[in-house]
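Take a look at the model below before reading on. Keep it in view as the text moves from the overall fold to single residues.

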Amino acid sequence: MTQAEIKLCSLLLQEHFGEIVEKIGVHLIKTGSQPLRVIVHDTGTSLDQVKKALCVLIHHNLVIYHVNKRSVVEYEAQCSRVLRMLRYPRYIYTTKTLYSDTGELIVEELLLNGKMTMSAVVKKVADRLTETMEDGKTMDYAEVSNAFVRLADTHFVQRCPLVPTTGSSDPGPPPPAPTLVINEKDMYLVPKLSLIGKEFSSWNGDLPSLWILHH
């Protein structure tokens, strides 16, 4: 990666997430894969701040982790994904063109928050649209849910991998970090949502299942 690209990544991370996340992200971009204790030492940042920064970066798919041969978890920046943040306005404009204001706000929420459950996205977008409507009118949650389904059907959004379920009798200590998996056929499978008042009940695993923009 060139110095110009590193500088651009730095500016993007700082603009979207602040100085501490930018510091950790750029450090990983420059050094490559590193364990937590080395990141803390090399950046001179507190353990708590490094953990929080890594959580933000992982939540937005900008950092991945893996367990090395010594069973130590290492973290690695995804430089190309950081640079794709430049395309965010284009993603939002495209969904507005294809799926109107509802689709635009769904994508905007996912870009702002990283991973979200479908029910959380639908509720947030419906509430935001209601705020723009005339007094006494409200946005139908079902309409927002239908727009989300269309975005999934056209692969604008996808399910995030999950920790696989294991039997309670599984022997041995837990791994240093969870392995996340998802079947390809389930990546765009949308849960059925039922609205009771202002609360959702759900099927097909919406509660543990997070969604992210496919880009």
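This is a predicted model: local features need pLDDT of at least 70, side-chain atom pairs count only at pLDDT 80 or more; totals for chains, interfaces and linings use all residues.

Residues are numbered from 1 along each chain as its sequence is written, and side-chain values use heavy atoms, with hydrogens and water left out.

Start with the overall count. The protein has 8 helices and 7 strands. Both are DSSP runs numbered from the N terminus: helices are H or I with at least four residues, strands are E with at least two. Of the 215 residues, 38% are buried. Buried means under 20% relative accessible area, exposed means over 50%, and partly exposed lies in between (1.4 Å probe, protein chains only). Contacts also reach along the sequence. Of those between residues at least 6 apart in sequence, 57% join residues at least 24 apart. A contact here means heavy atoms within 4.5 Å.

Now the helix packing. Two packed helices are described by the angle between their axes and the distance between the axes. Axes are lines fitted to C-alpha atoms, for helices over the stretch in contact, and angles run from 0 to 180 degrees between N-to-C directions. Angles under 35 degrees count as roughly parallel, over 145 as roughly antiparallel, 65 to 115 as roughly perpendicular, and the rest as oblique.

Take α2 (residues 19–31) and α3 (residues 36–43) to begin with. They pack at about 110 degrees, with axes 11 Å apart. The two helices are therefore roughly perpendicular to each other. From α2, the residues K23, I24, H27 and L28 meet I39, D42 and T43 of α3. This contact holds 3 nonpolar, 2 polar and 2 charged residues. In these classes, Ala, Val, Leu, Ile, Met, Phe, Trp, Tyr, Cys and Pro are nonpolar, Asp, Glu, Lys and Arg are charged, and the others, Gly among them, are polar.

Next comes α3 with α4 (residues 47–59). Their angle is about 115 degrees, and their axes lie 10 Å apart. The contact joins L36, I39, V40 and T43 of α3 to L47, V50, K51 and L54 of α4. Its residues divide into 6 nonpolar, 1 polar and 1 charged. The crossing of α3 past α4 is right-handed. A crossing has that hand if the near helix is turned clockwise from the far one by less than a right angle, and is left-handed if anticlockwise.

The remaining pair is α2 with α4. These helices pack at about 75 degrees, with axes 9 Å apart. That makes α2 roughly perpendicular to α4. On the α2 side the contact uses I20, V21, I24, G25 and L28; on the α4 side it uses Q49, V50, A53, L54, V56 and L57. Here 9 residues are nonpolar, 2 are polar and none is charged.

What lies inside? The largest nonpolar core has 51 residues, and those with the most contacts inside it are I24, L28, L54, I106, V144 and V157. Its largest share, 9 residues, comes from helix α6 (residues 88–113). A nonpolar core is a set of buried Ala, Val, Leu, Ile, Met, Phe, Trp, Tyr and Cys residues joined through side-chain atoms within 4.5 Å. Which residues does V157 touch, not counting those up to four places away in sequence? They are L110, F148, L151, A152, Y188, W211, I212, L213 and H214.

Stay with α6, which contains L111. L111 is buried, at 10% relative accessibility. Beyond four places in sequence, L111 is in contact with H60, Y88, Y91, I92 and L213. L111 and Y88 are 23 residues apart in sequence, yet 7.5 Å apart C-alpha to C-alpha.

Y88 has another partner. H16, in helix α1 (residues 3–17), touches M85 and Y88, not counting residues up to four places away. H16 and M85 are 69 residues apart in sequence and 9.2 Å apart in space, C-alpha to C-alpha. H16 is partly exposed, with a relative accessible area of 38%.

S100, in helix α6, has a positive phi of about 65 degrees although it is not a glycine. S100 is partly exposed, at 40% relative accessible area. H155 also is not a glycine, and its phi is positive, near 65 degrees. H155 sits in the loop between α8 (141–153) and β4 (157–159). At 38% relative accessibility, H155 is partly exposed.
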